[in-house]
Each structure stands twice: as structure tokens, then as C-alpha cells.
Amino acid sequence: MTITERPDPPRTADERTSLEGWLDFHRATLALKCEGLDDKQLREASAPPSGLTLLGLVRHMAEVERSWFRRVLDRQDIAPIWYSEEDPDGEFHLTDEDTSETAFAIWREEIAKAKEAAAGRSLDDVASRPGRGDYNLRWIYLHMIEEYARHNGHADLIRERIDGVTGD
């Protein structure tokens with residue numbers, strides 16, 4: 001069983017270190033919300049009528065990491081992992097072939113690639129999203145923190161319904 005260590009965000013750091021610290025904190029929080037559950041539990045939609053699952057959230061965050069850091073910031077011409085024009089919420093639509101092991105490996109890989117894409121860039125570096133405008137790295141970090149924080153709230157509720165586990 002993996003035991004995720006969640007770093008405390010720095011309290012007196014510079015802006016970049018603070019943003020990266022909070023993002024890492026929220027990434028680890030999602031991992032903790034999933035820790036100790038088996039594949040069946042990770043697939044459990046525990047708050048009907050919503051079909052939202054912890055595994056779907058992990059896959060979604062892999063897509064979000066990939067999109068903002070690799071496709072937008074680093075301008076890589078790469079396809080989405082699970083969603084498509086035909087299925088814009090594909091990361092949430094699990095099949096019998098989809099495994100939690102694969103989803104977590106891809107999510108961790110996308111986090112590593114995101115960190116690579118951001119390394120050496122200024123918070124003021126600007127990237128463009130076709131048809132949506134310009135974003136600096138600061139905005140991307142803030143958006144990612146918000147995205148994780150919102151979905152970690154969902155993960156709290158889903159996990160509590162699965163096995164009663166609550167916490168930060």
C-alpha cells in the first residue's frame with residue numbers, strides 16, 4: 001500500500017514557491033483521498049444521481065495537467081488522453097478495460113511533465129490557448145490550485161460515502 005506524504009505549503013515563501021507548494025499540497029490531497037481503496041471502490045459513484053468517481057477525478061486531473069502545462073504552456077501538439085470531440089467528458093466514462101493502476105501512472109506522469117514544462121519559466125511568461133486567449137504561468141498555477149481544491153471537495157464527499165473516511 002502506498003502512503004502518500006503530503007507536503008505542507010510554505011508559510012513565508014516567495015510567490016512561486018508558495019504557488020508550487022499549494023499545487024503540490026492539493027495533488028497529494030487527491031492521492032490521499034484515493035489511498036487504501038481497491039479498484040472497485042475507486043470506480044464507485046457514491047453520490048447519486050452523479051456518476052462522479054474518484055477514478056474519474058484522477059483521470060480528469062491528468063487531462064487538466066496535460067492541457068494547461070503541456071498543450072497550453074509548452075505548446076505541445078498532443079491529443080487528449082481520454083476525452084474527445086465525440087465524448088468531451090470521456091475521462092469520467094470508465095470502461096471495464098480502464099484500470100486504476102494505469103490512471104494513476106498517467107496522472108503521475110502528467111504531473112512530472114507539468115513540472116518540467118513550468119521549470120525555468122517566469123510566472124509572467126505568457127501562453128495562448130487557441131480561441132480562448134492568453135494566460136501567464138501565474139494564472140495557470142492559480143487555476144490548477146482552484147481546480148484541485150474544488151475536486152478535492154468532491155473527493156472528500158465521495159470517499160466518505162464509500163467507507164466513512166474523512167479528513168483534510
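Analyst: Buried means under 20% relative accessible area, exposed means over 50%, and partly exposed is in between (1.4 Å probe, protein chains only). This is a predicted model, in which local features need pLDDT of at least 70, side-chain atom pairs count only at pLDDT 80 or more, and totals for chains, interfaces and linings use all residues. Residues are numbered from 1 along each chain as its sequence is written, and side-chain values use heavy atoms, with hydrogens and water left out.

User: Is K33 buried or exposed?

Analyst: K33 is buried, at a relative accessible area of 6%.

User: Which residue does K33 meet in a salt bridge?

Analyst: K33 meets D156, with 2.5 Å from N to O. A salt bridge here is a side-chain nitrogen of Lys or Arg within 4 Å of a carboxyl oxygen of Asp or Glu. K33 lies in helix α1 and D156 in helix α5, so the pair ties together parts that are 123 residues apart in sequence. D156 is partly exposed, with a relative accessible area of 26%.

User: How do the axes of α1 and α5 cross?

Analyst: The axes of α1 (residues 15-34) and α5 (residues 137-163) come within 9 Å and cross at roughly 25 degrees. That makes α1 roughly parallel to α5, a label for angles under 35 degrees. Helices are DSSP runs (H or I, at least four residues), and strands are likewise runs (E, at least two), numbered from the N terminus.

User: Which residues make up that contact: how many nonpolar, polar and charged?

Analyst: The contact of α1 with α5 divides into 14 nonpolar, 3 polar and 8 charged residues.

User: Changing topic, how many salt bridges does the structure hold?

Analyst: The structure holds 15 salt bridges. One of them joins R66 and E110, whose closest N and O atoms are 2.7 Å apart. R66 is in helix α3 (residues 54-73) and E110 in helix α4 (residues 100-118), 44 residues apart. Both R66 and E110 are buried.

User: What does R138 meet in a salt bridge?

Analyst: The side chain of R138 meets that of D124, at 2.8 Å from N to O. D124 is in the loop between α4 and β1 (126-129), and R138 is in helix α5, 14 residues apart. D124 counts as partly exposed at 47% relative accessibility, and R138 counts as partly exposed at 22%.

User: Which residues are linked in a network of salt bridges?

Analyst: D24, R27, E65 and K115 are linked in such a network.

Methods
Axes fitted to C-alpha atoms, helices over the stretch in contact; angles between N-to-C directions. Parallel < 35°, antiparallel > 145°, perpendicular 65-115°, else oblique. Nonpolar A, V, L, I, M, F, W, Y, C, P; charged D, E, K, R; others polar.
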